[in-house]
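Thanks for coming. I will take the structure in parts, starting at the place where two chains meet.

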Amino acid sequence: MSSSSAFNEEKGGSSSVGEPEYGHDPASGGIFSSDYKRHDDLKEMLDSNKDSLKLEAMKRIVAMIARGKNASDLFPAVVKNVACKNIEVKKLVYVYLVRYAEEQQDLALLSISTFQRGLKDPNQLIRASALRVLSSIRVTIIVPIMMLAIKEAASDMSPYVRKTAAHAIPKLYSLDPEQKDQLIEVIEKLLADKTTLVAGSVVMAFEEVCPERIDLIHKNYRKLCNLLIDVEEWGQVVIINMLTRYARTQFLNPNINESLLEEGGGGEKTFYGSDEDEDEDEEEKEKKAEAAAMAKRKPYVMDPDHRLLLRNTKPLLQSRNAAVVMAVAQLYFHLAPKAEVGVIAKALVRLLRSHSEVQYVVLQNVATMTIKRRGMFEPYLKSFYIRSTDPTQIKILKLEVLTNLANETNISTILREFQTYIKSMDKDFVAATIQAIGRCATNIGEVRDTCLNGLVQLLSNRDELVVAESVVVIKKLLQMQPEKHSDIIKHMAKLTDNIQVPMARASILWLIGEYCEHVPKIAPDVLRKMAKSFTNEEDIVKLQILNLAAKLYLTNSKQTKLLTQYVLNLAKYDQNYDIRDRARFIRQLIVPTEKSGALSKYAKKLFLALKPAPVLESPFKDRDHFQLGSLSHLLNAKAGGYQELPDWPESAPDPSVRNVEVPEWTKCSSREKRKEKKVEKPFYSDSEGESGPTESADSESDSASGSESGSGSEGSGSASESEESGEVSVSEEDEGEEEEKKTKKRELKKAVQESESEQSSEEEDRKHERKMKQRKSDSESESDEEEESESESSQSESDDSESEAEVRKKKKAAESKPPSKPVKKETKKEKKEMSLLDLDDFEPAPSPQVTPVNNLLSNSLVTDLEGLSLSEAVLSPATIAPSSALKSYELLHRITGEGLSVEYCFSRQPFSPDANMVAVQMQFTNSSTSDTKNLHMEDVKLQSGMRVKDFPEIESLPAGETATAVMGIDFCDSTQAANFQLCTHTRKFFVSIQPPVGELMRPVFLTENEFKKEQGQLMGMNEITEKLTLDAKCRNEHAIVQRVTTAANLSRVPCGSDRECRFAGRTVTSGSLVLVTVATREEGAAQLTINCEKMVIGTMLVKDILLALTQ
Amino acid sequence: MINSLFLISHSGDIFLEKHWKSVISRSVCDYFLEAKEKAGDPENVAPVLQTPHHYLISIYRGKLFFLSVTQTEVPPLFVIEFLHRVADTFQDYFGDCSEVLIKENTVTVYELLEEMLDNGFPLATESNVLKEMIRPPTILRSVVNTLTGTTVFAEIQGVIEACVKLTGMPDLTLSFMNPRLLDDVSFHPCVRFKRWESEHVLSFIPPDGNFRLMSYHVSSQNLVAIPVYVKQNISFLETGSCGRLDITIGPKQTMGKTVESLMVTIPMPKSVLSVNLTATQGTYTFDLTTKVVLWDVGKLNPQKLPNLRGSISIQTGSPKPEENPSINIDMKIQQLAISGLKVSRLDMYGEKYKPFKGVKYVTKAGKFQVRT
């Protein structure tokens, strides 16, 4: 209360000051003083100490701004509060500042320091909002400050701040275009950002600042395609539109061959033939030439990046946002092979049930599409039926679409529908309908007579507008074959008595004049009547009367000479100069005089030349040279800032520009791995003894030969195969269009999407957990079994060669250790882990083929166990260590396989035919007595999304020989098993490969800074931390690195601190980063941190690495 | 992108303006007002207008025009969709999107607009992001079916509106008894597309509050059962200035559920002067200016079918209207989704508590028009 009374006093005070000043001019003074008074209280409130008063004042000021009232004189009072602690007040002050800073530049500078402080705030929201307001203040002096702020924000930890930076770029650009080059640098940097939050905003900035720098997109193209589905809706629209343009410059026209085919089967085009042939002749020829040239060169193969774009945008057709749907639709229209464009029709038809504004825009675009691709909307014909409640503009657009869709088969339905429309009360719509009937009649020869008859019936309609419109349309139709329809012309001539609409009268008169020979008796009479009413006619009618008179004079001068003279005389004194001119012109032409003799000879030719029938064509024809969905397309005129849609290139630019440096990091990592191997040896050699080297040499030569042969064959195969697969996919696509169900199925197979792996990973997570529990309880017994089985096999093998047997024995001894000496179990993590992982392979494959084998095994196990326990003294856990870099798993046991045994390992080499696949190296050993032939795989059963690249068939494997082959499996970033049948010429074996989570990634090389930055982006839910105590043998850096890299295919990241080891990798399918940090403390305490977008992968990896480090 | 936004009342009063870039004088609206004058009916104003220096893109919602001004190329649907989102947000915040409410809440409106766009590019348009409020853990879900049908063409459009009030990050899976029924669907961005494609279940982590989870379409191939039938007889006498009207409505395939809020509107030809009708149930009104007969029937009683009959008088001298008026029917059926779509179950993962779940089915007539 006290404040309000003080405030009243102040009010009184100000008025007493104000009155004498403005008293001189009461008229303006009255207004000003009240304004002045009110603002004065506001100033007072803003200066007070109470936030509530300030808030109230700001609310009133903002309300003034909203209403468009000027509040600029309050600037000094408001700007003082920019540093106000109250967030509500602050927000409103910002609103005010942004509105008036441009007008009060000097005063606005007072606020800058506050924002500069805000930019350094630890809270990301405050940093962002400071940048937002700072960049919104349109004051040229602060351009350098803004530039600096943007640059800094572009490398901020928080993606939200980086997004704000992207928003600020176009603001600065519009303020000072000179900054373009620097801004492009920032854009380039932000384009490389991997967060979905930033992607949309930075592409927006790109579009506003440097849409011509298409080269900046190359490296980010695939990333943008892959991120697209997770970007917010508005960003999606901008990105899709940009990528459409990009694709037009980088890929080849997918319809290049089809346009050739179309040319051959021209019959299909009859409908549009009439109006398109002439215009498009040149274009078609060009196309033909081009296509012919192309066809000679080679069959069209779609660039995989082109396919990627189409595939990744398709699900967005289901978006709730009409703009997104439209963006995808236009992308498909401009970029997709003809056979695939159809998918957009359903989505666009769905938009027709939205708000009328949305309908309006969509119908415009559909109208353009229906001209080029009529077929795709034909099934939805009824969706374009008109409701009496539709607004007129919608009705007319629907009519346009219906007309475009009309063909021989559906014309009767459409005409029946039109019949209903003619009865509508909306006369503009009726007129449009009659025009539409006219267009159908000209385009479809079969119905021309029906339409004409219908229109003639309309001539007796009570509504004059209907009649008039019909006359105009009939006139156009009659021009096509006048000789047949003289009775209609007669009928129309009679109408001149009744019809008053000028356009209709003019049309009738023109018709009679043009075809006066068909109605020789009536024509002069009509002229007589018209001469009588000439002075009262509208101008267009008068002009046609003159034309009629001239034509009759030329054909039938005997009867009409005087009438013509009379009309010409009337026209000579008409008020309208056009009519006077026309009369003078006609008189000179037709009436022979001495002066104009030369021309009058040609008068007949001039007036009665054969005129081509008018072409009734859609106003939407050829509008598709504008990018659909754009404002320019809607207006059919280039809007400011519109980027032309480029024509397809003749030959595709180098596709390798889009390659991101994948090879480099593979090299790096493999080099690192090698280093690590070298490191391993000395470490393990201490405890290893003589057996170590032989074993390691074995495994190395194995892996080397495997990879060589594998990559060699793959390399030669890939060139031919990639082309093939391209073709196959195209043809598949075609079929798929015809049958939707097929498409769905195919997609299931094809799709490699995050979402899917996410959901599946959930179940998997549970499965995994279950497994872990089981493991804990059964670990001992089961691991026993495992080891036993292995040892059994090795023993039997030992028959073959003695030296090997020796080595094996030692190995066996090592393996037998855990059951007999559980105390020492910790020291043998390698073996332990292996057995655990093997479990994974066995568990999910309870197929009948496997179970009996287990029984078989266990029978012989007993004896083996006995033997093993004897040799326990020779233990050396590291015997297996070198080979553990490439752990091998059993795929097919010798006994099950009837002499054929198969082992596989994850070779950790990039799988060259498909970077998204994990390379699995298989070693086939034929220990039977006969040759095994035609080793190949069949009947692959996969979880959705997963894919497999078969290994090349091994034609023959002689007895006692060993062969290796490499296959690729895309596990879709999940640890689900790939099940398939391994076939020989005689038998089939059900086998399954399940990857440990650590094999689902590939190493990436990161610098320390990059690592920190990426880690900063993967906080919160994406981070998993676990405390652990390191195994006694694993307390130095080498050991940790070795164990982690064994457990997971990661590469080491250099690190300044010696207490920390960092590792980085990416998941093979989705390329999500996996960052691992092991920080060591005193006495073996350590902390393991994993940052990964894919939480399931993260949790599983934590468990695996934990196991590796603690045992 | 969007430079400025003007809110214009039905009568042409500009009552709110907001600029995201340099200020554009409100005189730019004159072009729009001129077009509006010309169009007569506000529905007929072209959504996109070109002026010498600007492009005006507008929508008409709740008797208000939302007029945005842009200077450069921008996808028109982008702006239109955004403007509708603005209107939706107002509706969400104030319960309705009307001039009075917007004027009352100018400051909130202004703050909302400030948040929704930055430099003309949408920033935050999600209701839950804008609200940033935490709610108690309850969940109520309703399936609303809308039926559209004419004697010529019938189709079902439906939406699933969700109201989610769950803490944490619940991961929900909603499955249907008969998902094959759905012909065409569109989703809220939280729904995982791939999961739908592969399993036909809706898997999503919901935002808080009310939102439209999905809208769907059941095509005319799956026969649409129209729940009511209409027997009508409207005739105008050739001579004389009167006509007769007789309408009876009866239920048809309502699965034992009652049809509620039955409402019949008949836009009469302009030449109709007055009507003299009697309704066996409900009340009817005749609006003299718009010439619309509105018959509020209420509940449909299958034993005693509602009937409206009587005479129509036409201006003397004016000819017999050529087209009989079409009859528009509005109704609601509780606890029935005419499409036959049924929710089978809703599961929650990721959180430990037990949510309250509920489903409500409603059928509404969309644009049920009977051509006579």
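Start with one pair of residues: Glu233(A) and Arg85(B) form a salt bridge through their side chains, with 3.0 Å from N to O. Keep in mind that this is a predicted model, so every value I quote is computed from predicted coordinates.

How many salt bridges cross the interface of chain A and chain B? The rule finds 5. Polar contacts across that interface, with both residues at pLDDT 80 or more, come to 25 residue pairs. As for the kinds of residue involved, the side of chain A that touches chain B has 35 nonpolar, 28 polar and 29 charged residues.

Now the extent of the contact. Chain A contributes 92 residues and chain B contributes 82. A general remark first: interface size is often given as the accessible area lost when the parts come together. For chain A and chain B, the buried area is about 7,800 Å², and 55% of it is on carbon and sulfur atoms.

Next, chain B taken by itself. Its secondary structure consists of 6 helices and 24 strands. The chain has 372 residues, and 55% of them count as buried. Take the contacts in chain B with a separation of 6 or more: 68% of those are between residues 24 or more positions apart.

Most residues other than glycine have a negative phi. Asp622(A) is not a glycine, yet its phi is positive, near 65°. Where is Asp622(A) found? It sits in the loop between α33, residues 603–607, and α34, residues 631–635. Asp622(A) has a relative accessible area of 36%, so it is classed as partly exposed.

The second case is Asn636(A), again not a glycine, with a positive phi of about 55°. This residue is in the loop between α34 and α35, the latter covering 662–688. Asn636(A) has a relative accessible area of 36%, and it is partly exposed.

Asn255(A) is in the loop between α13, residues 233–250, and α14, residues 256–264. Is Asn255(A) buried or exposed? Its relative accessibility is 12%, and the cut-off for buried is under 20%, so Asn255(A) counts as buried.

What does the side chain of Asn255(A) reach at 2.6 Å? That is the backbone nitrogen of Lys338(A). A polar atom of the Asn255(A) side chain also lies 3.4 Å from the backbone oxygen of Ala336(A). Leaving out residues up to four places away in sequence, Asn255(A) touches Ala336(A), Pro337(A), Lys338(A) and Arg373(A).

With a relative accessible area of 5%, Gln364(A) is buried. Which residues does Gln364(A) touch, not counting those up to four places away in sequence? They are Leu397(A), Phe620(A), Arg623(A), His633(A) and Leu634(A). One of these, His633(A), has a number that falls in α34, residues 631–635.

That is the end of the list.

Conventions
Residues numbered from 1 in each chain as written. Chains lettered and ligands numbered in written order. Predicted model: local features only at pLDDT ≥ 70, side-chain atom pairs only at ≥ 80, totals over all residues. Heavy atoms only, no water. Contact = heavy atoms within 4.5 Å. Buried area = accessible area lost by both parts, 1.4 Å probe. Salt bridge = Lys/Arg side-chain N within 4 Å of Asp/Glu carboxyl O. Polar contact = N/O pair within 3.5 Å; in protein donor to acceptor, adjacent residues only side chain to side chain. Nonpolar A, V, L, I, M, F, W, Y, C, P; charged D, E, K, R; others polar. Helix = DSSP H or I, 4+ residues; strand = E, 2+ residues; numbered from the N terminus. Buried < 20%, exposed > 50% of the residue type's maximum accessible area, 1.4 Å probe, protein only.
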